[in-house]
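Please look over the sequence and the model shown here before reading the report.

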Amino acid sequence: MIEISRLCKTFGSNIVLNNLNLTIPEGETKVVIGRSGTGKSVLLKNIIGILKPDSGSVKIGGVEVTSLSEREYNKIRMKMGMVFQGGALFDSMNVAENVAFVLNEFMSLDEKTVRERVAKYLAMVGLQKIEHMMPSQLSGGMKKRVSLARVLCMEPEIIFYDEPTTGVDPITADAINNLIVELSHKLKVTSIVVTHDMSSAYKVADSIAMLYHGQVIAEGTPDAIRHTTHPVVKQFIHGEAQGPITEDENLIFGHIK
Ligand SMILES: Nc1ncnc2c1ncn2[C@@H]1O[C@H](COP(=O)(O)OP(=O)(O)O)[C@@H](O)[C@H]1O
Ligand SMILES: [Mg+2]
C-alpha cells in the first residue's frame, strides 16, 4: 500500500530523514517508534505531502506521489486520514461541526447524510449524543476520539496516527489502543502509528519499525522487537539512560557531522 524508498529530508543542517526505507502492506498496522525529535512526524508529513522530501520515493497504492501536483495529490489525500498529535479540534465549533468539517469542505453530501455519518462514526469511537458539546467541555481522551471520528467520517483507506496516546492517562491510552486495533479489523484500513509509547506499540502493531538517525534500523513483529539484541533498540524499548543513545544526541546528530 505504501512504499518508501531512500527518502531524504533535511532542514538547514539538520538531517532528519537519511535514505529511509519502509514498506507498509495493505491492511497492516505499522508502528514507527523512536525518540522525540527523531523525525516521526516529519516522516508522516512527507507521506501525506504536507512536507516535500528532498529526494527519494513515496508510492501510495502504486502511485509515485512525490512528483504530483497539489491537485493530483489531493485526490490521493482523500484516501488518507491523519489523527494529529493534539487532536486539532476547532474550539469555536461544537463536536458535530468539528467532525463534519472536512466532510463539508471536500464532499458535497446533503445535510441528512452528513448528520448520519457524524453520528455513525461518533458511535464507532464510543461517543454518543455529544454532538452539541464544545471541545472545552471534553476530556483529553474524548477530544482524541472526536478527532478520530472526524478522520473516520471521510472513510479513508489509510489512517495515520501521530502519538495517539501521548498526554492521556494510562486507562484512556489503553482505550485508544483498543480502538485502533478494533478499527483496523472492522474497517480493514492500513494504519501507521508513530509513538514513543512502547506499551501502545506492542498492543496495536502488526509490525514495529524503529527510526534512528534518519533510518529504520530495525523492524519486526512486536515479539521480535521485544526480544531484540540490537543495542540501540534494546536501550530504547527498555528506556535506559545508559547505552549507545546519549541523552543530548538529538542536538548533536545532523548538526555536527
Ligand atoms: N517545519 C520544520 N522546519 C524545520 N525543522 C523542522 C520542521 N519540522 C520538524 N523539524 C525538525 O525535524 C526534527 C524531527 O522532528 P519531528 O519529526 O517533529 O520529531 P518527532 O519524532 O518527535 O515527531 C526535529 O529536529 C525538528 O526540530
Ligand atoms: Mg512528533
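The report below takes up the sheet, a pair of helices and the surroundings of the ligand.

**Basis of the model**

This is a predicted model, in which local features need pLDDT of at least 70 and side-chain atom pairs count only at pLDDT 80 or more, while totals for chains, interfaces and linings use all residues. Residues are numbered from 1 along each chain as its sequence is written, and chains are lettered from A and ligands numbered from 1 in the order in which they are written.

**The sheet**

Strand β1 (residues 2-11) and strand β4 (residues 55-60) run antiparallel and are joined by 5 bridges, with Ile2 standing opposite Ile60 in β4.

**Helices α3 and α4**

Helix α3 (residues 95-106) packs with helix α4 (residues 111-124) at an angle of about 120°, their axes being 10 Å apart; helices are DSSP runs of H or I, at least four residues, and axes are lines fitted to C-alpha atoms over the stretch in contact, with angles from 0 to 180 degrees between N-to-C directions.

**Around ligand 1**

The residues around ligand 1 (C-beta atom, placed from the backbone, within 6 Å) include Phe11, Asn14, Lys40 and Ser41. Helix α1 gives the largest share of this shell, 3 residues.

How values were computed
Helices (H or I, at least four residues) and strands (E, at least two) are DSSP runs, numbered from the N terminus. Two strands pair if DSSP finds at least two bridges between them.
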